[in-house]
Amino acid sequence: MIERITCVDGVIEIGARARGFTAVCPGCGECSRRVHSRYERRLADAAVGGQPVRIRLRVRRLVCTQVSCARKTFVEQVEDLTVRYGRHSQLLHTMLQTIALLLAGRAGGAADPAARGAGEPHDDAAPGPRHARAGGR
Ligand SMILES: [Zn+2]
């Protein structure tokens, strides 16, 4: 899930983390919610509308509470992001679409000169009285 979207020095940073508080230990299948440590994983770089996008995924290392389990700690798996670890995973694609929509909404609402200029029809800049005169009157 997306935690925050910030813009730092022209680079859009997306902070994401795994959903839920518990994670399943791959060693014994037991659920655990005891967080051992956290770290940030930089997932992918992409570009939306010419703006660079950086995705930071916060991953937790959890302590397995099963005494008999060989694994003392394990890193949680984040569906769609770490399982199918790819530069263009489905979730990333969805994220980028969301960002693109956010950017589009911001450009339309604010007085962005670039956005306004693009929507302006340039033909009206030169009205055609000369064409009327050429017609004979
Ligand atoms: Zn375990």
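# Questions about a predicted model

Tutor: Of this protein chain's 137 residues, 16% count as buried. The model is a predicted one, in which local features need pLDDT of at least 70 and side-chain atom pairs count only at pLDDT 80 or more, while totals for chains, interfaces and linings use all residues. Residues are numbered from 1 along each chain as its sequence is written.

Student: What makes a residue "buried"?

Tutor: A residue is buried if 20 or more other C-beta atoms lie within 10 Å of its own, exposed if 12 or fewer, and partly exposed in between, with the C-beta atoms placed from the backbone.

Student: Then why is Pro 26 called exposed?

Tutor: Pro 26 has 12 C-beta neighbours inside 10 Å, so it counts as exposed. Pro 26 sits in the loop between strand E3 (23–24) and strand E4 (31–32). In space, its C-alpha is 9.9 Å from that of Thr 73, although 47 residues separate the two in sequence.

Student: And why does His 36 count as partly exposed?

Tutor: Because His 36 has 14 C-beta neighbours inside 10 Å, and that value falls between the two cut-offs. His 36 belongs to strand E5 (residues 34–48).

Student: Which residues are in contact with His 36, leaving aside its neighbours within four places in sequence?

Tutor: They are Arg 61, Leu 62, Val 63 and Thr 73. Contact here says that the C-beta atoms of two residues, placed from the backbone, lie within 7 Å. Across the protein chain, 54% of the contacts with a separation of 6 or more are between residues 24 or more positions apart.

Student: How do you know what to call a helix or a strand?

Tutor: Both are DSSP runs, numbered from the N terminus: helices (H or I) have at least four residues and strands (E) at least two. By that rule the protein chain has three helices and seven strands. Their order from the N terminus is β-β-β-β-β-β-β-α-α-α.

Student: What makes strand E1 (residues 2–8) lie largely in the open?

Tutor: The number of buried residues among its seven is zero, so E1 lies largely in the open. Cys 7 in E1 is an example: it has 12 C-beta neighbours inside 10 Å and therefore counts as exposed.

Student: How do you know that E1 and E2 pair?

Tutor: Two strands pair if DSSP finds at least two bridges between them. E1 and E2 have six bridges, in the antiparallel sense, so they meet that rule. Ile 2 stands opposite Ala 16, and Arg 4 has Gly 15 as its bridge partner. The two strands form a hairpin with two residues between them, and Asp 9 in the turn has a positive phi of about 55 degrees.

Student: Which strand pairs with E2 in the parallel sense?

Tutor: That is E6, again over six bridges. Glu 13 is bridged to Arg 54, and Arg 17 to Arg 58. E6 also pairs with strand E7 (residues 73–75), in the antiparallel sense over three bridges.

Student: Which residues of E2 are on its covered face?

Tutor: Ile 12, Ile 14 and Ala 16 are, whereas Val 11, Glu 13, Gly 15 and Arg 17 make up the uncovered one. In a regular strand the side chains alternate between the two faces of the sheet.

Student: What makes a group of residues a nonpolar core?

Tutor: It is a set of buried Ala, Val, Leu, Ile, Met, Phe, Trp, Tyr and Cys residues joined through C-beta atoms within 7 Å. The largest one has nine residues: Ile 12, Ile 14, Ala 16, Val 53, Ile 55, Leu 57, Val 59, Met 95 and Leu 96. Strand E2 (11–17), strand E6 (51–63) and helix H1 (90–109) each give two or more residues to this core, with E6 giving the largest share, four residues. A second, separate core has five residues, among them Ala 23, Cys 25, Cys 64 and Phe 74.

Student: Why should some coordinates not be read in detail?

Tutor: Because where pLDDT is low, the predicted coordinates should not be read in detail. pLDDT is the predictor's confidence in each residue, from 0 to 100. The protein chain has a mean of 71, with 58% of its residues at 70 or more. Over residues 108–120 pLDDT stays under 50, and the model has three contacts beyond four places in sequence for them.
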